[in-house]
Amino acid sequence: MLFCLLILHLFTAAQSHNILFILLDDVDDVPQTKQLGLPNVIDYFQKYGTNFENAFVTTPICCPSRASILTGTYQHNHKTFDNTRSNGCDGKNWDTNVAPNSIGKRLQDMGYRTGMFGKYSNNYKGTQVPVGWDYWMGLNGNSVYYNYNLTINGKIHTFKSEYKTDYLPDIIFENATSFIKNDSDNKPWFAYLSFPTAHEPFDAAPQNQKLFEGKLPPSEKLPTYNNTGCKSKHWYTRSRPPLSNISELYNRMGYRRRLQALQTIDKGFTELLKIIDTSKTSIILTSDNGFYFGEWGMILDKRQPYEIVIRVPMMASGPYFEPGLSTTQTALNIDVVPTILDIANRSLGYRGKNTYTLNIDGTSLVKEEKELRTTFLIEYHGMGIKAGQDNCSREGMQCWYKDNQVWQTDPKFDIPDTKKFCFCVDAKNNTFTCLRRIVGSDESTHSGTSTFRDFLYCHFEDTQFHEMYDLQTDPLQINNIWDTLTDDTKNKINSAMNEITSCTGFQACNSLSKLDFGEMGLVDF
């Protein structure tokens, strides 16, 4: 009898707790330039959830970051190295490392009804439904808003350019709403909503296309804006020309269009709340990476190790998160999976099948006494292509022209045909590995004497170039202090980097939080 009551209790708990995960695209959360444009979302989490002030991605580019979000692992473990199929974004590697270890598969094995809606990987296409998903609505290809194909439970559906019937953010909300309402199987549900917003082309709903008139990127007030002459930075950062009048206009219009596009997310989120029992549902919202708006002369992209592109919003609500809390606890994209599994385990009272080939490198963000992480990896493999025939294309880089056809919806980039400009986003040897250390006020103070509680160290592979910044005194990462360190300290840092770049599992990947860097005072964390 007692055994039957226990089973009934576990089944009731399984019925009672659901999980909603919302993934935005290219939305940063740097204090100096914060531009979320989501007032209702922010208001909800400020009242009912926890805001993670120090949230980061471990790889600042779409597909590798999404692989980390799906699996809870660093890039060197899931082996999705860039946005191409040949380097792990979909295809054989994805089917081997990502899909069978995804949060969808793990929760499905635990008895959840799982649904995926929107962008999966940059190269997903066809009729295949990846393992782990009971309901599948996968975007074929990269982020768009109109004129696309969706694979819905194994069948391809084509959408065109009519707002009322084809606007992808609305389609995601509509299908997710139906999935959430359909609880006939009495299972807890997990809904993974992956929006194109706010990726270029930043198409906004027609009713939002006149908003934010005259609003400029906050980055324009910073000393890093259009700063292309910083000699202590890697050659790729120094290689770009200053913004012209045309490229600055493109940057400003892109910023405004992004804010306009985000209004659909803000409204759709409030509509979802109306059908969800928030007392029995955990909600997590984040982004796959941040975004540049002219810092260091870089516009409307990412792919660098600096704060503007590695910091992201991370907010969570539900029974396992303290309402109204803003915490300096470090949160990473690789923490999404262990956090969701922790929530599911607490609700279900047992763990699912242990048949997965990847160990989870992140840790749960559910507040409790646990080993804290203060130091983590940032990994990036640069992408380059062969030179083409035009004057913009460059060997080993990704460059193309931006012209008046770049946006097909209002407000458009109405420049003369002769005013196109060359736009470079990456280079094959823009490949780096970084240590990001941050000890927030939530963590106990260390016993060392140095002020190095908040730093970024990066090693660029092509020229053995190094960058290091003390973010306590230099939050905008202007002054590279690597050359001021002693050889002994440099050797310790490089030794630590070599050790951690092959780590597997949280214990191994968190070992840097306890390392002694000698004169830097990073002792007894």
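This is a predicted model: local features need pLDDT of at least 70, side-chain atom pairs count only at pLDDT 80 or more; totals for chains, interfaces and linings use all residues.
Local features need pLDDT of at least 70 and side-chain atom pairs count only at pLDDT 80 or more, whereas totals for chains, interfaces and linings use all residues. Residues are numbered from 1 along each chain as its sequence is written, and side-chain values use heavy atoms, with hydrogens and water left out.

View 1. When residues up to four places away in sequence are not counted, Leu-107 touches Tyr-112, Thr-114, Phe-190, Ile-340, Leu-341 and Ala-344, contact meaning heavy atoms within 4.5 Å.

**View 2. The disulfide between Cys-63 and Cys-89.** The sulfur atoms of Cys-63 and Cys-89 are 2.1 Å apart and form a disulfide, a term that stands for a pair of cysteine sulfur atoms within 2.5 Å. The torsion about the S-S bond of Cys-63 and Cys-89 is about 90°, so this disulfide is right-handed. Because Cys-63 lies in helix α3 (residues 62-71) and Cys-89 in the loop between α4 (75-78) and α5 (91-98), the pair ties together parts that are 26 residues apart in sequence. Cys-63 is buried at a relative accessible area of 0%, as is Cys-89, also at 0%; buried means under 20% relative accessible area, exposed over 50%, and partly exposed in between (1.4 Å probe, protein chains only).

**View 3. The disulfide between Cys-392 and Cys-422.** Cys-392 is joined to Cys-422 with an S to S distance of 2.0 Å, and the torsion about their S-S bond is about 80°, so the disulfide is right-handed. Cys-392 counts as buried at 1% relative accessibility, while Cys-422 counts as partly exposed at 31%.

**View 4. The disulfide between Cys-399 and Cys-424.** Here the S to S distance is 2.1 Å. Cys-399 lies in strand β12 and Cys-424 in strand β13, so the pair ties together parts that are 25 residues apart in sequence; Cys-399 and Cys-424 are both buried.

Conventions: Helices (H or I, at least four residues) and strands (E, at least two) are DSSP runs, numbered from the N terminus.
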